[in-house]
Amino acid sequence: MQNRINTLFETKKRDILSVYFTAGFPRLNDTAEIIQELEKNGVGLIEIGIPFSDPTADGPTIQRSSETALKNGMNVKLLFGQLKNIRETVKIPLIMMGYINPVLQFGVEDFCKKCHEVGIDGLILPDLPLEEFESHYKEIFQRNNLHNILLITPQTSEARIRQIDEASGGFIYMVSSAATTGAGKKVEDFHRDYFERIQQMNLKNPRLIGFGISDRATFANACHYASGAIIGSAFIKALQTGAMLKDSIQEFVKSIRDTE
Amino acid sequence: MKYDVNEKGYYGEFGGAWIPEMMYTNIDELRRDYLEIIKSEAFQKEFDQLLKDYVGRPSPLYFASRLSEHYGTKIFLKREDLNHTGSHKLNNTVGQILLAERLGKTRIIAETGAGQHGVATATVCALRGVKCVVYMGALDVSRQAPNVKKMKMLGAEVIPVHSGNKTLKDATNEAMRDWINNPEDTHYIIGSVVGPHPYPDMVARFQSVISREMRIQLLEKTGSEFPTRVLACVGGGSNAAGAFYHYLDEDLVELIGVEAAGKGVETKETAATLRVGTPGVLHASRTMLMQNEDGQITEPYSISAGLDYPGIGPLHSHLFTTGRAKYLASTDEEVLEAALLLTRKEGIIPALESAHALAALDKIQMKPDDVNVVNLSGSGNKDMETYLDYFGY
Ligand SMILES: Cc1ncc(COP(=O)(O)O)c(C=O)c1O
């Protein structure tokens, strides 16, 4: 079966907008509606964040949304319940993003099976290192038609980027700068060298740029160097305003790029 | 050695380096270089010299005669409380600052609970003229105020952490985030045998001076390098790792780690990870953790800020599951009484952390001829307020 992530990158080569949100935030049962509204507004790919008590790669915004989500009672089992019928309405690729410990406690095998059942296409688990993935979990992912999305940063060596490219099947998540999520370092300010260096490597996988993408300018700039970009913290902030989900989502996507 | 870390950074099924890619370059550099650096002659020479002239080593092995009489056995105290800055923590920070210099790092970050590791880090940074940032849970900032003042006088920036329980785990999260944001110039001096490989092994090696000296001192005092048992408190487990290190392969030496039971292991207010924990991944290591069934880390509790941690070093998880070491837990109340007992019997006020190991003397069978060594990891100076509150002086 064709994976939806591959279909997306085959049909759309540029300006892909990918949005991250924390499941269970702002309210416990907003998950399905947020996904549906994002798709309606032309978002290309969605990352559903599984909240974790100790998100060490995340900045304050996602830390706080995770804390709220956990207080609201979110957990992995509940999340799968909320996603049970999501494929009846949503066509775009869906990715789950989270830390490894909740997945380990659920059981990696069970977790992947459930992902496949509800129609998840890939996983981003920042603290599951490539080496552990390849020696323990690769087959489980493959059996369930799940791509493992790996990260690279400005510090990643060329040899390691090649290794990551070889091990990837969906896309490569390019962390824009040395940073936790939502950091204020502006993409256009620096690391042009890094973006160009990666562009010239002719990797077999497409790339999306994430971390610190927050508005029209940073999104447009990132799109010069990759197939698109990922927005997390800025979207979480937009959801905090308290307006109707439908309205804040529409307004947010419009603020990032023109409708197609 | 049987209990050595393997080339992938594992002790049995525990350990590894479950790091996000953002930390990979730094951890990979450490992993490739640490052994060569710390085994080099120049490093060893400088390290040993500083341990001797600056830390004040070897720390005495003191025969506690009145305490021995009280328990009807022989009790020696390994006096890590007499080190400069008042605990074993300086052994590790001296080693890591020398390593950081060799890696060309110019900025040091650290997490701290009781403030002992923060002070020890700020101290070596002052010694070498390096910039120092210490993350400390906001709750610990208020319960360990004297150490916060010391760090500031030493020139460190102390950043209170307001997330989570505002204790050691949260300070560690924040230090990791700092490192992710500052990968080029910064070295992270982790304060215990926790975190991704190679930290647990590296910190254990720096602390292993404790048991290296013990063997020499015991031979002198008792005619044998080998005691009946060694007892040490366990938060992350660095003083225990140091006290156990040169006895790990000596099966006749009983090794006892003592965790913080808090208000009791059967209550929710505990930090006895091995009693109530299950395997999982926290702070980039697969180890025993306090967590709920959804894999969320639960908040620990202990009267002592230095043991208030929901995880434990992977070496200890391995020693626990293989049965090589035994782990007990002491409650807040037992700890306070044990601290008073040592104070009145020997004129030594121990750190709350160390008093956990002392309290375990009440929990084990000891014969008159047994030789027991308690690692007295730190001094009670920082805990006077807690002691005064409890005993009402
Ligand atoms: C005196 C003392 N002992 C023990 C500990 C616990 O650390 P570890 O278990 O790594 O020895 C601390 C930590 O702050 C401490 O200050």
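**Briefing: ligand shell, domains and chain contact**

The residues of the shell around the ligand divide into six nonpolar, 14 polar and one charged. This is a predicted model. Chain B is assigned two domains, domain 1 (10-51 + 89-203) and domain 2 (56-87 + 208-391). The shell around the ligand takes at least three residues from each of these domains.

**Ligand shell**

- There are 21 residues around the ligand. B:Gln116, B:Gly235, B:Ser238, B:Gly306 and B:Gly378 come nearest.
- Three helices of chain B each supply at least two shell residues: α5 (116-128), α11 (238-244) and α15 (352-359).
- α11(B) gives the most to the shell, with three residues.

**Domains of chain B**

- The C-alpha centres of domain 1 and domain 2 of chain B lie 22 Å apart.
- Their contact takes 37 residues from domain 1 of chain B and 38 residues from domain 2 of chain B.
- Several elements each place at least two residues on the side of domain 1 of chain B that touches domain 2 of chain B. Among them are β2 (14-15), α4 (89-102), α5 and α8 (168-181) of chain B.
- That side of domain 1 of chain B has 17 nonpolar, 16 polar and four charged residues.

**Contact between chains A and B**

- Chain A puts 30 residues into the contact, and chain B puts in 27 residues.
- On the side of chain A that touches chain B, α3 (60-71), α5 (100-106) and β6 (150-152) of chain A give two or more residues each.
- α5(A) gives the most to this side of chain A, with six residues.
- By class, this side of chain A divides into 17 nonpolar, ten polar and three charged residues.

**Strand β9 of chain B and its partners**

- Strand β9 (residues 229-233) of chain B is largely enclosed by the rest of the structure, because four of its five residues are buried.
- β9(B) pairs in the parallel sense with strand β10 (residues 254-262) of chain B, over five bridges. Within this pairing, B:Ala232 has B:Gly257 in β10(B) as its bridge partner.
- β9(B) also runs parallel to strand β14 (residues 371-376) of chain B, joined by three bridges. Here B:Arg229 stands opposite B:Asn372 in β14(B).
- β9(B), α11(B) and β10(B) make a right-handed β-α-β unit. The helix of this unit, α11(B), is the element that gives the most to the shell around the ligand.

Note on methods. Residues are numbered from 1 along each chain as its sequence is written. Chains are lettered from A and ligands numbered from 1 in the order in which they are written. This is a predicted model: local features need pLDDT of at least 70, side-chain atom pairs count only at pLDDT 80 or more; totals for chains, interfaces and linings use all residues. A residue is near a molecule or strand if its C-beta atom, placed from the backbone, lies within 6 Å of it. Ala, Val, Leu, Ile, Met, Phe, Trp, Tyr, Cys and Pro count as nonpolar, Asp, Glu, Lys and Arg as charged, and the others, Gly among them, as polar. Domain bounds come from an automatic or database domain assignment. Two residues are in contact if their C-beta atoms, placed from the backbone, lie within 7 Å. A residue is buried if 20 or more other C-beta atoms lie within 10 Å of its own, exposed if 12 or fewer, and partly exposed in between; C-beta atoms are placed from the backbone. Two strands pair if DSSP finds at least two bridges between them. A crossover is right-handed if, with the strands pointing away from the viewer, the path from the first strand over the helix to the second runs clockwise.
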